[in-house]
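Hello,

Here is the structure I promised to pass on to you. Have a look at it first, and then read on for my notes on what turned up.

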Amino acid sequence: MMVRMPQEITNDSLEKIATEVRGCLLCKLSRSRKNAVPGEGQLPAKIMLIGEAPGITNIAKCRPPDNRIPEPEEQIACRPYLDRQISLISPQIICILGNTAYSSLLGGKSVMADRGKILKRDGQEYLITIHPAAAIYNRDFRSVLEDDLSLLGQEIEKRQKNSVHSRSLDNLEGYTQQREQQQGPGKEKNYEKEKKQKMKKQK
């Protein structure tokens, strides 16, 4: 793992990483690539998709010859770029697409054994699913991918609702504390009592 000084971390950006990726010479893929692909997306993002080789954000930023699986040293060379991207994006959930990405990122053995599961590692959560290419080559996998991505959407929606509810409770608690500080303890109760007495007199 590449060690970076705090100043470098502070000044980091997706644009800076993209520039470094396009000029990268850390592995032999730089000799055969036509274009390096840093990845696409915006900040902030609740979900980050990570696959095998260039398309979306990937464990390898250059496509290996004949579309082969990236070799271990190629994955290692690209990993600092990916770690920096994850740090900057800080997604709620990383969606891992396919066996190669699963093995590289989490040391997983089988996507089909763990697909549809949300795993937590070092404070980051991951949803495991098949690579979209598998659904193209095998129509039977299409429903698998759709189910897993639907689960991902539901999970994000649930968290968003919980976040809104939590903020509402925090706002209510803050408002109550503010009223107590302004009026003093028990004054709201006295106000309600006086209001009821006035209503009785009017009757």
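**What I found**

Let me start with helix 7, which gives the largest share of the lining of the largest pocket, 4 residues. Please keep in mind that this is a predicted model.

The largest pocket has a volume of about 470 Å³. It is lined by 23 residues, and those closest to its centre are E52, H131, P132, A133 and A134. Sorted by class, the lining of the largest pocket has 13 nonpolar residues, 8 polar ones and 2 charged ones.

There is also a second largest pocket, with a volume of about 330 Å³. Of the 17 residues that line it, L14, G39, E40, G41 and I89 lie nearest its centre. Here the elements that give two or more residues to the lining are helix 2, strand 1 (47–50) and helix 4. By class, this lining has 10 nonpolar, 5 polar and 2 charged residues.

Helix 5 is mostly covered, with 6 of its 8 residues buried. Those buried residues are T100, A101, Y102, S104, L105 and L106. What do the buried residues of helix 5 pack against? Their partners are strand 1, helix 4, strand 2 (93–97), helix 6, strand 3 (118–121) and strand 4 (124–129). If you follow the chain just past the end of helix 5, you come to G107, which takes a positive phi of about 70 degrees.

Helix 2, one of the elements in the lining of the second largest pocket, runs over residues 14–22 and has I17, A18 and V21 buried. Why do these three sit on the same side of helix 2? They cover an arc of only 100 degrees around the axis, so they end up on the same side. On the other side of helix 2, you will find E15 and T19 exposed. The cover over the buried residues of helix 2 includes helix 4 (72–89).

Helix 4 also holds a residue that I would like you to look at, E74. Is E74 buried or exposed? E74 counts as buried because its relative accessibility is 0%, and the cut-off for buried is under 20%. The side chain of E74 makes a polar contact with the side chain of R68, at 2.8 Å. Leaving aside residues up to four places away in sequence, E74 touches C27, K28, L29 and R68.

Finally, look at E71, which lies in the loop between strand 1 and helix 4. With a relative accessible area of 23%, E71 is partly exposed, whereas E74 is buried. L29, one of the residues that E74 touches, comes up again here: the C-alpha atoms of E71 and L29 are separated by 9.9 Å, and the two residues are 42 residues apart along the chain.

Best wishes

Terms used:
Residues are numbered from 1 along each chain as its sequence is written. This is a predicted model: local features need pLDDT of at least 70, side-chain atom pairs count only at pLDDT 80 or more; totals for chains, interfaces and linings use all residues. Side-chain values use heavy atoms; hydrogens and water are left out. Buried means under 20% relative accessible area, exposed over 50%, partly exposed in between (1.4 Å probe, protein chains only). The arc is that of the directions from the helix axis to the C-beta atoms. Contact means heavy atoms within 4.5 Å. On a 1 Å grid over the protein atoms alone, a cavity is a set of points where a 1.4 Å probe fits but cannot get out, and a pocket is an open set with protein on both sides within 12 Å along at least five of seven lines; lining residues have an atom within 4 Å of a point. Grid points are joined across faces, edges and corners, and a volume is the space filled by probe spheres set on the points. Ala, Val, Leu, Ile, Met, Phe, Trp, Tyr, Cys and Pro count as nonpolar, Asp, Glu, Lys and Arg as charged, and the others, Gly among them, as polar. A polar contact is a pair of N or O atoms within 3.5 Å; within protein, one must be able to donate a hydrogen and the other to accept it, and residues adjacent in sequence count only if both atoms are side-chain atoms.
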